[in-house]
2 protein chains.
Amino acid sequence: MSAAFFEEARAVVPMVTGEACAPYESDILEMRGKAAAVALPSSREEVQRLVQVAYRHRVTLVPQGNRTGLVGGAVADASGRQCTVSFSRMSRVRAFSAVNRSITVESGLRLSELNRFAEERDLHFPIDIGADPTVGGLLATNAGGSRLLKYGDVRRNVLGLEVVLPDAAGTVLDMARPLRKNNTGLDLKQLFVGGNGTLGIVTAASLALARVEKSRLSMFAAFRDYESAAEALPEFESAFGELLGSFEIMAADALRAVLEAFPALSMPLSPTCAPCFALIEVASAMPGLGAMFEQRGLETLQALSADGRVVDAALGAADRFWRIRDSLPLAAVREAVPLTFDVSFSRDALVPFLRDLGGWLDRTHPRLRRYEFGHFGDGGCHVIVAIPHACAADYPSMRQIALRSAIYERVMAHGGSFSAEHGLGPINMAYYRKLTSPSERATSAAVQTALDPQHVVGRCRYF
Amino acid sequence: MSAAFFEEARAVVPMVTGEACAPYESDILEMRGKAAAVALPSSREEVQRLVQVAYRHRVTLVPQGNRTGLVGGAVADASGRQCTVSFSRMSRVRAFSAVNRSITVESGLRLSELNRFAEERDLHFPIDIGADPTVGGLLATNAGGSRLLKYGDVRRNVLGLEVVLPDAAGTVLDMARPLRKNNTGLDLKQLFVGGNGTLGIVTAASLALARVEKSRLSMFAAFRDYESAAEALPEFESAFGELLGSFEIMAADALRAVLEAFPALSMPLSPTCAPCFALIEVASAMPGLGAMFEQRGLETLQALSADGRVVDAALGAADRFWRIRDSLPLAAVREAVPLTFDVSFSRDALVPFLRDLGGWLDRTHPRLRRYEFGHFGDGGCHVIVAIPHACAADYPSMRQIALRSAIYERVMAHGGSFSAEHGLGPINMAYYRKLTSPSERATSAAVQTALDPQHVVGRCRYF
């Protein structure tokens, strides 16, 4: 199939094969595959024609952005029979409206490029994550980030999509009008947001932009314990309402790991003064609220300090605080094999989960290190369970899988999600099959079969 | 079929038939149908068993809330073969969490009841509409309302759903966990939000609640023209950022109609002083911002007044301003046959559309009155074209339909939506077939066929 497909495909879209595929065959996680070929379309029409050829030859296309995904969903599998579709040549801004605060872009535009364009116009796309994915990647995973509490996930900020369907004709769903309200039938675009690169190929998106923040307060607080931090969250919401943008928890162990890994980073508070810390940020696009934020912040911290829940606190240096926060994932994986978890809960279930997990790991896996941090404000939590190289031999891959499974079982027992904002891909498909209800899987599979009966697009099959 | 279905159904769920169906056979629009029977389930299990019976007998079920819909989607058709499912007995609050700011309720709970419960806890469900639909109705239409700019539509505030699928078993999709992030496969619940009562029967929903607003400023401004009002919108966003909650436009003609219909209402500004007016509201759940809002509001209005865009303005009386706004729809339909339109656009296309529509109506239908008002802030606009009783004879129903079609063609030509927030039902299905692209209809039909092959639920078929 490969040669015939390749010959026909390269007549309609630039293609590379062989050695030239290498840069597209692994991602940031070092997930590796073997692509039959890589297509490099530069227009929707080329994507359409490629889909027509792929449909005829029953080749699966794997859309790929900037390869920053954390579930392996954008690299071809090891079969050598899948064709990667790189969006590196589709990154135009098609339309922008200051009045509508909207932008229509091709899927290959990177988040950083999008925000450079927007910020020059005093606007931004308010998804704040460490990586620099393409718009297509943001859509596929429905990314969240550090300011979800205030701005929501990608879904909330999508106004429209243009999609090429994986049918014989490469039918286009032109739903890219930048409308904030449109209830004229099923809202089909929702299927492709958080669609993990399946069901269709998103070629362009209309996004809502927010005004750049003009008033801001950053606080770094040390809490007596997780319970105190969890109780403080509603206090900050009471003080700041919807202007509370971030409430990021960091365990003392995680903070200590940052200090060891990056000794040049200056810590606002000593990691030994408390078991857990929070980076709390308040912001508004309304100018002139800074002084009021600071006064209210001090009052809130003092009240929490008076009853012993807050042990110490610092105000001010947003950049420095965020550098610490953003260094956590790297610091936590030093000199260890990391098992990373991106989970979420109802906010009242977060601390009970962490207590349960911590107790169980301490009892059953005392030599493993554990780093907890993340977006408490939206119920999210990252957990990195680090297997020190010294005991790596005791944790062969089957034991790692069993450990991961056991942790996910605990997540589900606390009513949580096993993939809060990383989406679904080869890395966690097995857990999807195990942890998602049969009725949800069957319904998802029915939708996928209806839209993509031949499996022309994406790594995930939902059955 | 009717008798056998009824016998089996009433063995599993309370049913009424004949005369007793009358209260369920018409809605607020006086859409009338003839129900074979009305089911009155009080639990998810009863809904499941009803679906099993309906599936066997190939009877279509029509879910019904408080009958406040504006597209006729919740009443059985005239065939006498459809069975209405009233949610009047399913209105329990299943779970509430202050820490998570979430509530899980059955679909029959009314918006007013939901907000009574929430407001006692200093929270609210921030969908602000004139009617009092059930949660199921809000979900079916993905309602928006007067504060969409700030709080988004219903979709944005849904955390989870419980759905009974229209298959042989009445399979339950239990997706009601109140999670703010969960990307573990297709987000199936999105299909049922704005689903117009099709694809499945929503029995319960988990909703995010917002903190009650503590700071507020209401302004009522008279603008030189629509263009000036449209230009002022970004100015207010620049002054207040995301705290701008409402920007509601009212044409002078609409305001005059309110004054004539409700002379007791006191007007903040004379309807003769300008061609268009706006109710502008700024609000936050952060307490203590009122004085700063007022100062900034005055500055903004003064700047707009200095260059002549704002002609006059009043500050303060929120309740009085909203009473005027909320009286508009009733005032506009007095002594006339109303054709109502609920349309939306990219914000920069709103005024060009209104100019185009106005010019065309003045030329071709000079005896009709026209009332424009609505949610400019989110690109929405209500237009009521009123046929005075005096010339009703010149507008038989075929001519009304032609007029409506011509207006919708103009909406589409300006890149708009023909149903911004009223959803889809028997009233506008013909326009769906005419104005929605064949590819979107075919895809929606494929999804519907996959989930509901026998047409067991809802009024709309998407082919």
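**View 1. Helix 8 of chain A and the elements it packs against.** The buried residues of helix 8 of chain A pack against strands 12 (215-223), 13 (244-251), 14 (276-284) and 17 (369-375), plus helix 10 (318-332), all in chain A. Those residues are A:Ala252, A:Ala254, A:Leu255, A:Ala257, A:Val258 and A:Ala261, and the helix itself covers residues 252-261. "Buried" is under 20% relative accessible area, with exposed over 50% and partly exposed in between (1.4 Å probe, protein chains only). Helices (H or I, at least four residues) and strands (E, at least two) are DSSP runs, numbered from the N terminus.

You're looking at a predicted model: local features need pLDDT of at least 70, side-chain atom pairs count only at pLDDT 80 or more, and totals for chains, interfaces and linings use all residues. Residues are numbered from 1 along each chain as its sequence is written, chains are lettered from A and ligands numbered from 1 in the order in which they are written, and side-chain values use heavy atoms, leaving out hydrogens and water.

View 2. A:Lys181, A:Asn183 and A:Leu186 supply 13% of what chain A buries against chain B, more than any other three residues.

**View 3. The largest cavity.** This one has a volume of about 210 Å³. Of its 17 lining residues, A:Met175, A:Asn182, A:Asp187, A:Lys189 and B:Glu440 are the closest to its centre. A cavity is a set of points on a 1 Å grid over the protein atoms alone where a 1.4 Å probe fits but cannot get out, and lining residues have an atom within 4 Å of a point. Grid points are joined across faces, edges and corners, and a volume is the space filled by probe spheres set on the points. Strand 8 (158-164) and strand 9 (172-175) of chain A and helix 14 (438-451) of chain B each supply at least two lining residues.

**View 4. The second largest cavity.** Its volume is about 50 Å³.

Technical notes
Contact means heavy atoms within 4.5 Å. On a 1 Å grid over the protein atoms alone, a cavity is a set of points where a 1.4 Å probe fits but cannot get out, and a pocket is an open set with protein on both sides within 12 Å along at least five of seven lines; lining residues have an atom within 4 Å of a point. Buried area is the accessible area (1.4 Å probe) that two parts lose on being put together, summed over both.
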